[in-house]
Amino acid sequence: MAHGKTTARRGTSTGSAVPASPIVPVPPPRDEAGRQAALQNTSVARPLVDAAAFDALPGKVTHTGTPSAPDTTPSTPARMTGPASRPHGTPLPQPRPGGAPPRSRPAPLEYTDHEKEELVIHALRRLLRERGIELYDQRGASGVGADLDDSTGRYYEIKAHRNDVPGELTLTRSEFVRARSEGENYTLVIASHLKNGAGNPTLRLVNDPVHRFEVEPTSDVRLKGVRDMSVESTVYEWPSTE
């Protein structure tokens, strides 16, 4: 005998319709969200100064310190037009003819030290071109003790910074030996404010740095007091891109 109640079959309606719950999107797994954010970040422009800013000559050139010899050309840094006589020091590998550029490496989300150095080389090459001097990239050559050399035989070591210059800089052993043996024929290129909006992009060129800054021997060689503007140097400054 039937009881007055019937069991509703699966899939059938037993009364008034119940409104469906709103569909809530399921967030992707955490690792997937991280990958999506990384893809978005790779399309963002890297925050370094545009290399085109260095196509023009610097808006300001300053000579600091007391020149050790009379400078007959105020607009040209002293002793940068050719090699100076230098003492014989520890032998180092000679630069490769035509340069030895480093291999390119995958860039991170912002920028690499290689990219900062490329900006400095672009600016320095523009300055030297005014005097008919060619610049050669030696960063791919082992043990040379300098990042660059030029057609006059001068060596250049780059220290590039996105903001201001730190109080100390470090030279590797080969860089120190080359700088000591070359004397005035070795130029330390201190670059600052390479980050877009950080200030006026600046190159400070210091000849014979190991005899102009205080040297603190460690496993590497540390130059102290590099912010001291009383040291003889030449400072090239471009307008800020901000």
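**A facing pair of leucines**

Leucine 169 stands opposite leucine 223, a residue of strand S9. Strands here are DSSP runs of E with at least two residues, and helices are DSSP runs of H or I with at least four, both numbered from the N terminus. This is a predicted model, in which local features need pLDDT of at least 70 and side-chain atom pairs count only at pLDDT 80 or more, while totals for chains, interfaces and linings use all residues. Residues are numbered from 1 along each chain as its sequence is written, and side-chain values use heavy atoms, with hydrogens and water left out.

S5 and S9 (residues 221-224) run antiparallel and are joined by 4 bridges. Two strands count as paired if DSSP finds at least two bridges between them. Strands of a sheet pair through backbone hydrogen bonds, either parallel or antiparallel.

The order in this open sheet is S5-S9-S8, and the pairing is antiparallel. At the edges are S5 (168-171) and S8 (214-217), each pairing on one side only. Helix H3 (residues 173-182) lies across S5, S8 and S9 and runs at about 95° to S5. Contact means heavy atoms within 4.5 Å. Axes are lines fitted to C-alpha atoms, for helices over the stretch in contact, and angles run from 0 to 180 degrees between N-to-C directions.

**The sheet of 7 strands**

Another open sheet has the order S1-S10-S7-S6-S4-S3-S2, with mixed pairing. Its edge strands are S1 (60-64) and S2 (135-137). The twist averages 25° from one strand to the next.

S4 (residues 155-160) and S6 (residues 186-192) run parallel, joined by 6 bridges. Glutamate 157 has leucine 188 in S6 as its bridge partner.
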